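Here is a short report on one protein model.

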Amino acid sequence: MEELLYVRRTNGRFRRKSPTLKLEINGNRFILSEKAQENTKLKNDDGVMFGFNYKQKKAYMFKDDEPDAFMLRTKSINDNGLRFTSKDLANHFIDCFNIDMDKSTYFFSVADEPNEKGAFLIELK
């Protein structure tokens with residue numbers, strides 16, 4: 001009997017088993033993976049803010065309800081990815097992590113648990 005090779009349709013959605021924040025340089029788009037959403041308990045219309053430690057090359061993400069927070073949105077009703085765009089924030093990530101812009105996409109790990117101040121550590125993968 002022949003061995004069968006099974007092929008399933010993939011739709012290119014941003015699915016990772018580890019909690020990840022994706023930065024797309026073109027468009028300054030940030031996308032939070034489903035695992036990161038689950039760990040941080042963030043959902044559509046939640047706000048986030050970021051803190052940076054340039055010396056240690058680390059960033060922190062906090063849930064934030066202030067009007068000037070970065071608002072997380074889904075692209076469509078069938079899309080579970082949370083995203084937002086910000087050129088200014090992308091520049092902070094580029095400067096903090098010394099990104100050399102040789103790729104169009106960068107991935108950052110997001111801590112599974114928040115620290116004592118409720119912030120999730122973000123590091124370049």
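## Fold and model

Along the sequence, the elements follow the pattern β-β-α-β-β-β-β-β-α-β-β. That gives two helices and nine strands. Helices (H or I, at least four residues) and strands (E, at least two) are DSSP runs, numbered from the N terminus.

This is a predicted model: local features need pLDDT of at least 70, side-chain atom pairs count only at pLDDT 80 or more, and totals for chains, interfaces and linings use all residues. Residues are numbered from 1 along each chain as its sequence is written, and side-chain values use heavy atoms, with hydrogens and water left out.

## Burial, surface and contacts

The protein has 125 residues, and 37% of them are buried. Buried means under 20% relative accessible area, exposed over 50%, and partly exposed in between (1.4 Å probe, protein chains only). The accessible surface comes to about 8,600 Å². Carbon and sulfur atoms account for 47% of that surface. Areas come from the Shrake-Rupley method with a 1.4 Å probe; for residues, only the protein chains shown count as cover.

A contact means heavy atoms within 4.5 Å. Take the contacts between residues at least 6 apart in sequence: 55% of these join residues at least 24 apart.

E3 and strand E4 (residues 58–63) run antiparallel and are joined by six bridges. Two strands pair if DSSP finds at least two bridges between them. E3 and E4 form a hairpin, with four residues between them. Lys57 sits in the turn and has a positive phi of about 55°.

E4 also pairs with strand E9 (residues 120–124), again in the antiparallel sense, over three bridges. Met61 in E4 stands opposite Phe50. Met61 also stands opposite Phe120 in E9.

## Aromatic rings

Rings of Phe, Tyr and Trp (its six-membered ring) pair if their centres lie within 6.5 Å; planes under 30 degrees apart count as stacked, over 60 as edge-to-face and the rest as tilted. By this rule there are eleven aromatic pairs. Phe50 and Phe84 form a tilted pair, 6.1 Å centre to centre with 35° between the planes. Phe50 lies in strand E3 (residues 47–53) and Phe84 in strand E7 (residues 82–85), so the pair ties together parts that are 34 residues apart in sequence. Phe50 and Phe84 are both buried.

Phe52 and Tyr54 have ring centres 6.0 Å apart and planes at 45°, so this pair is tilted too. Phe52 is partly exposed, with a relative accessible area of 22%. Tyr54 is partly exposed as well, at 36%. One aromatic cluster takes in Phe30, Phe50, Phe52, Tyr54, Phe70, Phe84, Phe93, Phe97 and Phe108.

## Two loop residues

Ser86 lies in the loop between E7 and helix H2 (87–96). Its relative accessibility is 13%, so Ser86 counts as buried. Not counting residues up to four places away in sequence, Ser86 touches Asn28, Phe30 and Phe70. Phe30 and Phe70 belong to the aromatic cluster.

Ala69 lies in the loop between E4 and strand E5 (70–71). At 10% relative accessibility, Ala69 is buried. Leaving aside neighbours within four places in sequence, Ala69 is in contact with Gly47, Val48 and Asp64. Ala69 and Gly47 are 22 residues apart in sequence, yet their C-alpha atoms are 5.1 Å apart in space.
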